[in-house]
Amino acid sequence: MALSGLIQAIALATTQLSLLATALFALSWVIGSLLKGAPIPFKEWKQWGQGLQMDAIKATFELAIWSFIGSLVAWIAYLISLSVT
Amino acid sequence: MDSLPDLPISNLGDNMAIGTLLGLAHALAGMTYVAGTLMQSLPVPKREWKAWGPVMMWDATIAELGIATVSIMQLIVDIISNLIRAELAGPFSSPSVSFLAITSQLVSFDAAIFILISIVNSTIVLAPVAELLVKILGLPVQIVTTAIIIWSIIHIIIGLFPNLWLVLWETGLVFFAIPFRIGRKFASYLMASAIVLAIALPIMPSIALWLEGHLSYELLFGRFQDIVNQVQSNPLALLQLIPLLATSVADLLGAMVIALVIFPFVYLFILSMIIRSLANAFGGSASGPIFSEFVVTQSRESVKTLEESR
């Protein structure tokens with residue numbers, strides 16, 4: 001079936017995207033650390049570095065909890081269906 | 001015609017299509033979420049790019065919730081449909097029975113006109129009158145035929161919808177789960193259309209019959225049938241009955257046009273407004289008139305003034 005192929009392609013793309021995202025978290029973290037620890041007198045750059053690190057941590061955490069979110073949503077839906085029926 | 005016609009697609013095939021669409025929506029939601037985390041961690045000084053991150057993650061979560069609650073949605077639509085049918089309790093609560101009643105009314109009107117013309121035509125003395133009669137009754141025949149076509153189309157759509165609406169809802173979810181909100185407007189339209197039409201379309205014939213009842217259609221048709229019967233027994237009586245026949249046909253046609261020709265379009269227009277309002281509630285920015293514009297509420301200006309005064 002054509003749709004099954006599409007689903008597989010999307011799943012594969014998602015896996016590759018998540019690998020890219022993980023690499024990007026690391027890159028953001030490293031750039032953030034670099035900017036934060038750089039011996040430069042620009043406070044904005046250092047703040048931006050800190051922001052990058054925070055974003056990298058948040059995004060890593062959010063990527064890690066995706067399956068948990070899926071399960072949580074399914075559980076909530078199950079509870080709702082129990083109360084409706 | 002006791003039940004609606006079955007779809008050519010088998011139930012198993014239908015369920016498989018729904019399952020595949022759910023799988024596709026789930027895969028897209030996953031991709032949207034991962035793309036959201038990726039956008040959030042982009043090491044670029046562009047706030048608007050990074051802002052897509054939380055938005056996409058939230059959209060993916062909502063899409064997942066939509067996927068998980070498909071059976072609940074089906075149940076809710078069933079409950080609402082049953083409640084409305086119970087409210088319309090009576091001989092015409094089923095769409096098939098209502099459609100049958102409408103079709104038989106239209107066909108009997110058409111048949112009565114044909115009988116009348118053929119009787120008059122077969123009487124040689126009344127041949128010139130027959131020509132006049134054809135001119136008078138030509139428009140009613142056209143209108144009745146149009147009404148039959150309209151209601152046949154409606155019946156086919158109503159017959160399809162019990163199986164089709166879930167596929168439409170799922171397709172809406174698939175478009176909703178596409179990253180960067182690309183299919184969000186179309187998705188909200190599809191989902192809103194699926195729900196509103198699944199609930200409101202099957203009750204359309206019953207409401208048309210209810211409207212007909214209020215317009216005294218049965219009484220008017222009885223009067224017309226009485227004239228046809230009189231002409232059938234004595235064709236020459238038509239000469240005295242022509243003014244009465246014209247009035248009777250005009251009254252009957254008025255009721256028929258309002259209940260069976262204009263009403264479906266008005267009903268569908270109202271449904272389209274409700275769909276737009278619901279699509280807006282689902283997050284799509286629909287254009288055109290929406291239902292809330294026709295409901296008496298505080299104007300935006302007055303609300304703004306109130307907010308400012310606080």
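## Where the chains meet

In this predicted model, 36 residues of chain A are in contact with 28 residues of chain B. On the chain A side, the elements that each give two or more residues are α1 (2–37), α2 (43–64) and α3 (66–84) of chain A. The most comes from α1(A), with 17 residues. Sorted by class, the side of chain A that touches chain B has 26 nonpolar, 7 polar and 3 charged residues.

## The two sides of α8(B)

Now have a look at helix α8 of chain B, residues 217–233. Its 17 residues reach 24 Å from the first C-alpha to the last, close to the 24 Å expected at 1.5 Å a residue.

Which residues of α8(B) are buried? They are B:Y217, B:L220, B:F221, B:F224, B:I227 and B:V231. These residues lie on the same side of α8(B) because they cover an arc of only 115° around the axis. An α-helix has 3.6 residues a turn, so residues three or four places apart point the same way. On the other side of α8(B), B:E218, B:G222, B:N229 and B:S233 are exposed. The buried residues of α8(B) pack against α4 (95–122), α7 and α9 of chain B.

## α7(B) against α9(B)

Helix α7 (residues 204–214) and helix α9 (residues 238–281), both of chain B, have axes that come within 9 Å and cross at roughly 145°. The crossing of α7(B) past α9(B) is right-handed.

From α7(B), B:M204, B:A208, B:L211 and B:E212 meet B:A255, B:A259, B:L260, B:F263, B:P264 and B:Y267 in α9(B). The residues of this contact divide into 9 nonpolar, no polar and 1 charged.

Technical notes: Residues are numbered from 1 along each chain as its sequence is written. Chains are lettered from A and ligands numbered from 1 in the order in which they are written. This is a predicted model: local features need pLDDT of at least 70, side-chain atom pairs count only at pLDDT 80 or more; totals for chains, interfaces and linings use all residues. Axes are lines fitted to C-alpha atoms, for helices over the stretch in contact, and angles run from 0 to 180 degrees between N-to-C directions. Helices (H or I, at least four residues) and strands (E, at least two) are DSSP runs, numbered from the N terminus. A crossing is left-handed if the near helix is turned anticlockwise from the far one by less than a right angle, and right-handed if clockwise. Two residues are in contact if their C-beta atoms, placed from the backbone, lie within 7 Å. Ala, Val, Leu, Ile, Met, Phe, Trp, Tyr, Cys and Pro count as nonpolar, Asp, Glu, Lys and Arg as charged, and the others, Gly among them, as polar. The expected span of a helix is 1.5 Å times one less than its number of residues. A residue is buried if 20 or more other C-beta atoms lie within 10 Å of its own, exposed if 12 or fewer, and partly exposed in between; C-beta atoms are placed from the backbone. The arc is that of the directions from the helix axis to the C-beta atoms.
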